[in-house]
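Hello,

Here is the structure you were waiting for. Please open it first, then read the notes below.

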Amino acid sequence: MAVGYNPQQIEGKWQRRWAEDKLYQVTEDDTRRKWYALTMFPYTSGDLHIGHWYAMVPADVHARFKRMQGCNVLHPMGFDAFGLPAENAAIKRGIHPFTWTMQNIANMRRQLKSIGAIYDWSREVITCLPEYYKWTQWFFLKLYEAGLAYRDKAPVNWCANCQTVLANEQVVNGFCERCGTVVTRRDLAQWFFRITRYADELRQHDGLDWPERIKIMQRNWVGKSLGAEIAFSLDHPGVSEKEIRVFTTRPDTVFGVTFMVLAPEHPLLAKLVAPERRAEVEAYIERSRRRTDIERLATEREKEGMFVGAYVVNPLNGEKVPIWTADYVLMSYGTGAVMGVPAHDERDFAFAKKYSLPIPVVIAPPGWQGEELKEAYTEPGVMVNSGRFNGLSSESGIAAVCDYLEEKGWGKRAVSYRLRDWLISRQRYWGAPIPIVYCERCGIVPVPESSLPVLLPENAEFKPTGESPLKYCPEFVNTTCPRCSAPARRETDTMDTFMCSSWYFLRYASPDYEAAPFEADKLDYWLPVDLYTGGAEHAVMHLFYARFFVKALRDMGLVSFGEPFQRLFNQGVIIVERQKMSKSRGNVINPDEYVAELGADAVRAYLMFVAPWEQGGEWDDSGLSGISRWLNRLWHLVLEGYDPGEAVGAEARAEAERALARITHQTTRKVTGDLERIRFNVMISALMEFTNYLAKVKEAGSVGKDAWAGSIRTLLLLLAPTAPHLAEELWQRLGYDYSIHNQRWPEWDEALAKDEEVTLVLQVNGKLRDRITVPVSIIEEEAKELARGSKKVQLYLEDKRIIREIYVPGKLLNIVVK
């Protein structure tokens, strides 16, 4: 009788052995195919819950599988360690962000090691350490040198609770994604990256194996629109500008313009407001700035605006057009000015109705006889009331109007994007300082590379003032100009933490290299990442920024590739009681207690079995217990010995061994295919079925010892990626060479995996109608389905009702009809 399965003892033993032997440390090896498998590194929140395990364990299983297939696998781990929670903890608990973060990392590293993953811990990166953020600052300087980093005063999203600026992507339905506070707008001098320069390239995903929904989300985020830019002439006292330009995707409707709307943030607005209207317009602007972009664009919200008391002239018909301001127009899209065509835009129609503005029809709907429209007609049609363009279709009219605008110098064909430049400034302490100095003589001066890193001071005061705590740290702020040595002041904003995660995957190639962010030859060996796994929620943040970052580095000649991640896979979410895990709900599942009770291998196997990885599923303790029982059965199956039955005849034994070989090779084929296709739940099912089959063979003693040993060996190899500790222990106890994880993945013989076949007779009312060849293992339902699919049988089933079906396994199926 084998000693009972004790996962706690086994797992600790093998984790220590693997670490001592440096089993998973990896170097560049040109003799093997490289495989860079990366899971999005975790934020240092303090504890890993089961949702983190769900992201990491299946990724580790796949990486182990590729390693056993002979690949040189890099599967590193690190920590995304800058960010607001650490600073908020400093304010709330009186603990320095560095101390809080490093304590969390120590705990999370312990938890991660308990997974039993093949992480190469010698390559660990921690983004808040100076040896890492030195290079984050270096990249900023490179982007600045390339004209991709600039400073500008602009309206920004402001979270009053977090006391910081938020990127557009961090505002969810008008609220701060982190704390849920309503987001408002402020004007601040900010640092931006010119991500818009790469708008067209970021819309393309050629050659990338990514989920289609992520590609669509990124294309929609760029939001490319084709149209025309039209200059409406302006002649206003005291205003030097002579035109206001608008972008429109429907230049065929330009003859229907009856008003123009400027965004409340438009720089010309203050100059155009008539004196008698200034007070109410300024009050309206102030109200608008308290609303979020989401609120301003909400389709269900009634549109409101103010006439400013000024006019422009439509160049195509010479008509005066009143200028309004309304908060449904955003400065961040197009030119911040919109031409109002109420007959052919639903929003403009509602606005015109509210303020009694004219609604002339210039695109005729089918059958239109000149009557007033009851609602906006937004579909294509025929141009009317449009001068020389009357009678043209919308499609032809767009081209003709654009040609005319360009001929007259009144406009041009143009492209507009929804995408805005990446705002990276944060008015916080716990981030990488922006390496810029301000000098009264020299202006904006980049910190020399030799002076990096610009270190965070340890004595900053953590109070939410609305400005960076670094501003109130004189020893940080006060410096000398790198150019003229005059007194100067440092930039006190820090960088968006997405800057740190936009290049961390490059650092893993050579994490200890001190002369540069990476060694070029090692980077060329490992990158791009072969398989990147993580949540779909990062589609228009981290994934988007990382792609921009790599493309910019490529154009600077720093990397030789243009895409960071060749294949992307998004896992689903583990829920508890039909809800996402949340500390506020009190439903967070801590994996530590389950590992302590049932072992990491049981938790690993359950997470892959619970649901398809891309879908996620409900956490269920009973399901985990079932997996634990399976592993216990497997333990005893392997270790309790095998005795061939003496009463089994030679012919019967040969038949049983052929059947066992067939099942073994079929299971190998199926498990391999499921792992390749990332179908972990059905892979676990196949291993369970194989275990059950072996248990029946053992009970019957129907095969010889060699056949039994060969199938058990295959079982352990197939099990190794999923339950690495258990597989290693059983492998060692059977006397095989250490380590199972250095063994090659088993292969299958297609001929041996092929089912034996028989001829199945198909009858209708007892008369022969067809014969088909089927696997000997076919079950009744499969036989019935094949019979109904036979064209010869179908001839005798037409207009008949099936009374019953008689199945003789492996011989015949008789369908009785009436």
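**Cysteines and a sheet**

The sulfur of Cys442 lies 3.7 Å from the closest cysteine sulfur, that of Cys484, which is too far for a bond. The cut-off for a disulfide is a pair of cysteine sulfur atoms within 2.5 Å. By this rule there are zero disulfides. Cys176 is in none either; its nearest cysteine sulfur, in Cys179, is 3.8 Å away.

Cys176 is buried, at 3% relative accessibility. Cys442 is partly exposed, at 26%. Buried means under 20% relative accessible area, exposed over 50%, and partly exposed in between (1.4 Å probe, protein chains only).

A word on the source. This is a predicted model: local features need pLDDT of at least 70, side-chain atom pairs count only at pLDDT 80 or more, and totals for chains, interfaces and linings use all residues. Residues are numbered from 1 along each chain as its sequence is written, and side-chain values use heavy atoms, without hydrogens and water.

Now the sheet. Four strands form an open sheet in the order β4-β3-β7-β17, with antiparallel pairing. Strands are DSSP runs (E, at least two residues), numbered from the N terminus, as are helices (H or I, at least four). Two strands pair if DSSP finds at least two bridges between them. The edge strands, β4 (164-166) and β17 (422-423), each pair on one side only. β7 (residues 183-193) pairs with β17 over two bridges. Phe193 has Trp422 of β17 as its bridge partner.

Best wishes
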